Amino acid sequence: LMLGGCGQKVDVSNLADGKCSAAQSQLVDKHISAQIDALGKKDWNLAFSYASESFQKGVTIDQFIVIIQEQYLMLIENQGYQFERCTIASEIITQEVRVKSGAELYYLTYALSLNGSKLGIEAAVVGMPVDAGIDI
């Protein structure tokens, strides 16, 4: 499923496959953080604005709210998150995020795209919860 952007400007001339540059990672982290923080405040319109244009065309704000409340509750109730690996393949940016919610730690894999120079969240896939003995 997809989550998702307000336009962070990204250097599109250098979306080469491989590891994200430090600058790219910083922009991606800022973009995802802004959405997670908006979800934590239940500011649905703001959170929705971080989705990609194609996501916003295919999903209404009401559908987005239902998706978040049913499948991404850990983002609304998060007690912290940490960014892991960021990679690029075929012009899709993949960012791994650890999210602490309650007694559990979730791994989310975000996919982001560029429309022109505008960054947008295409999807976020929730992995299995793991032992939350790791400090965030």
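A nonpolar core is taken here as a set of buried Ala, Val, Leu, Ile, Met, Phe, Trp, Tyr and Cys residues joined through side-chain atoms within 4.5 Å. The views below show a predicted model.

**View A. The largest nonpolar core and its contributing elements.** Among the 35 residues of this core, Leu75, Ile93, Leu108 and Tyr110 touch the most other members. At least two core residues come from each of the helices α1, α2 (44-48), α4 (61-71) and α5 (73-76), and likewise from each of the strands β2, β3 (92-101), β4 (104-115) and β5 (118-126). Helix α1 gives the most to the core, supplying 6 residues. In soluble globular proteins, nonpolar side chains tend to be buried together.

**View B. The surroundings of Ile93.** When neighbours within four places in sequence are set aside, the residues in contact with Ile93 include Leu15, Val28, Thr87, Ile88, Ala111, Leu112 and Leu119. Tyr110, which is also one of the residues that touch the most other core members, is in contact with Ile93 as well, and so are both Cys20 and Cys86.

**View C. The disulfide between Cys20 and Cys86.** The structure holds 1 disulfide, in which Cys20 is joined to Cys86 with an S to S distance of 2.0 Å. Because Cys20 lies in the loop between β1 (18-19) and α1 (22-40), while Cys86 belongs to strand β2 (residues 81-89), the pair ties together parts that are 66 residues apart in sequence. The torsion about the S-S bond is about -65 degrees, and the disulfide is therefore left-handed. Cys20 is buried, at a relative accessible area of 7%, and Cys86 also counts as buried, at 5% relative accessibility.

How values were computed
Residues are numbered from 1 along each chain as its sequence is written. This is a predicted model: local features need pLDDT of at least 70, side-chain atom pairs count only at pLDDT 80 or more; totals for chains, interfaces and linings use all residues. Side-chain values use heavy atoms; hydrogens and water are left out. A disulfide is a pair of cysteine sulfur atoms within 2.5 Å. Helices (H or I, at least four residues) and strands (E, at least two) are DSSP runs, numbered from the N terminus. Buried means under 20% relative accessible area, exposed over 50%, partly exposed in between (1.4 Å probe, protein chains only). Contact means heavy atoms within 4.5 Å.
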